[in-house]
Structures are given as structure tokens and as C-alpha cells.
Amino acid sequence: MGLKDLRALEILAKFGRANSIDMSLDQARQAFNSGITGVHIRSASGISSVAKAASGRFELQVGQLPVPSPDGRLVGAGHGFFMFATRRERQRRVWDFISFASGDEGQEILAKHTGYLPINLITLNDQKFLERYFAANPYHRSVVERLPITGDQFSFPTENTVKIFDMMAEEMRKVVNQRSEAKRTLSEMVQQTRNLL
């Protein structure tokens, strides 16, 4: 970890200095949905439920995360399909489902009922599909526009991946809550990550 990592933690510390209320993830979501807090960062899949909560209560705007470097990238997480069937007839049925679900109609159903972004990037390049998609999901426009600079989420090569991510989230929370300074937290995250690897 280096200067960029330290800079990211320093930015988190600034957020904490602006507001020192310590909330769990669920509390933060409830506070934002109630209009008590002004900014909330979460995955695109939550936009639909937030829009429903905001309806008639406050104006919701979805912005893009700032990327200060022209070569900067965003981290994305995705979903997809896996087939484990070994018998030919089951494989055919699973393949029929995958073909439907990843096609235009299936992607529209996914977007309408879950709030998740389409998984079929070819579909996202179809202007007619995008028009229908944005009509149903107007708040997703800024997210879709960021897809060209969005990459895969890194996963640590260990069975402790979830422990590492949980530890990092808790260490970052300490920075936001002003219980630890950025430089010390970065050092602690590096050491704990090495121990868990």
C-alpha cells in the first residue's frame, strides 16, 4: 500500500470530521432513506429501494464517484451464471434459462425487479434497450456511464478473503469516526492483511 491508499484514508477522515455520528450499515441506510443524512454511498442494486423511500419525501440525485486520475478505475462487483449440471438434458434446460435471462427480455426483468445493472454488456450497447432501461431506472444513468472505467473487484488469494475485507472496513470506520489516524490505520491494515494471508 502506498500514497494513494493513504490519500484515500485521509479523505475518509475528512468525511468523519464533517459528521461524527457513528452508525452501522443498516442505521446509515435508514437515516438516508428518512432524509436525515445527505450523502450515502452504496451499490447500484440499492438505488431502486432508495428511490422508493425518497419518493414524495425528498429529491434524490445519484452522482458519480469522483476519479481524480485520468487513468483511474472504479471497482465493480457483478453477478452471473454458473452451470453445474452434468446430465445433458439438465444442461440444455439450464442453458435455455441462461440464454433467456441474459437476453434483452431477461435483462429488462432483472433491471425492473431487482435494481441490479444488466450483466450483458452487449445489451447495454443497444440504444433501444438503454432507452427502455433508463425509462424504468432513471437513476442508473450515471452508474452505466461509469462502466467503461469499472473493473473487477480484487479478491485475496486465501480462504480469509472475507475476514480481510471485514477487517479493512472496520479499520476504515475507525478513521471516519476519528478513533484512528490515516497513517496508523494504513499500517495496521497492511499488518493484519499479511497475517491473514
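Which residue forms a salt bridge with Glu 170? The partner is Arg 179, and the closest N and O atoms are 3.3 Å apart. This is a predicted model. The chain holds ten helices and two strands.

**Overall build**
- Along the sequence, the elements run α-α-α-β-α-α-α-α-α-β-α-α.
- The C-alpha atoms fill a box of roughly 55 × 45 × 35 Å, taken along the principal axes.
- The chain has 197 residues, and 29% of them count as buried.
- Its accessible surface comes to about 14000 Å². Carbon and sulfur atoms account for 54% of that surface.
- Take the contacts between residues at least 6 apart in sequence: 55% of them join residues at least 24 apart.

**Helix 1**
- Helix 1 spans residues 3-18, which makes 16 residues.
- From its first C-alpha to its last, helix 1 reaches 23 Å. That is close to the 22 Å expected at 1.5 Å a residue.
- Its buried residues are Leu 6, Leu 9, Ala 13 and Gly 16. They sit on the same side of helix 1, because they cover an arc of only 65 degrees around the axis.
- The cover over these buried residues includes helix 9 (161-176) and helix 10 (182-196).
- The face turned away from the buried side carries exposed residues: Leu 3, Lys 4 and Ala 18.

**The salt-bridge network around Arg 179**
- Side chains of opposite charge can pair when their charged atoms come close.
- The count of salt bridges in the model comes to eight.
- Four residues are linked in a network of salt bridges: Asp 22, Glu 170, Arg 173 and Arg 179.
- Besides its bridge to Glu 170, Arg 179 meets Asp 22 in a salt bridge, at 3.7 Å from N to O. Arg 179 lies in the loop between helix 9 and helix 10, and Asp 22 in the loop between helix 1 and helix 2, so the pair ties together parts that are 157 residues apart in sequence.
- Are these side chains buried, exposed or partly exposed? Arg 179 is partly exposed, with a relative accessible area of 44%. Asp 22 is partly exposed at 37%. Glu 170 is partly exposed at 34%.

- Asp 96 and Arg 92 meet through their side chains in a salt bridge, at 3.0 Å from N to O.
- Both residues lie in helix 4 (residues 88-102). They are four residues apart, which is about one turn of the helix.
- Asp 96 counts as partly exposed, with 42% relative accessibility. Arg 92 also counts as partly exposed, at 44%.

**A nonpolar patch on the surface**
- Which residues form a nonpolar patch on the surface? Val 39, Ile 41 and Leu 65 do, with about 310 Å² of accessible area together.
- Ile 41 is placed in the loop between helix 2 (25-33) and helix 3 (47-54).
- Ile 41 has a relative accessible area of 59%, so this residue counts as exposed. The cut-off for exposed is over 50%.

Terms used
Residues numbered from 1 in each chain as written. Predicted model: local features only at pLDDT ≥ 70, side-chain atom pairs only at ≥ 80, totals over all residues. Heavy atoms only, no water. Patch = residues over 30% accessible without salt bridge, like charges linked within 9 Å, V, L, I, M, F, W, Y side chains within 5 Å. Areas by Shrake-Rupley, 256 points an atom, 1.4 Å probe, with all protein chains shown as cover. Buried < 20%, exposed > 50% of the residue type's maximum accessible area, 1.4 Å probe, protein only. Expected span 1.5 Å × (residues − 1). Arc of directions from axis to C-beta. Contact = heavy atoms within 4.5 Å.
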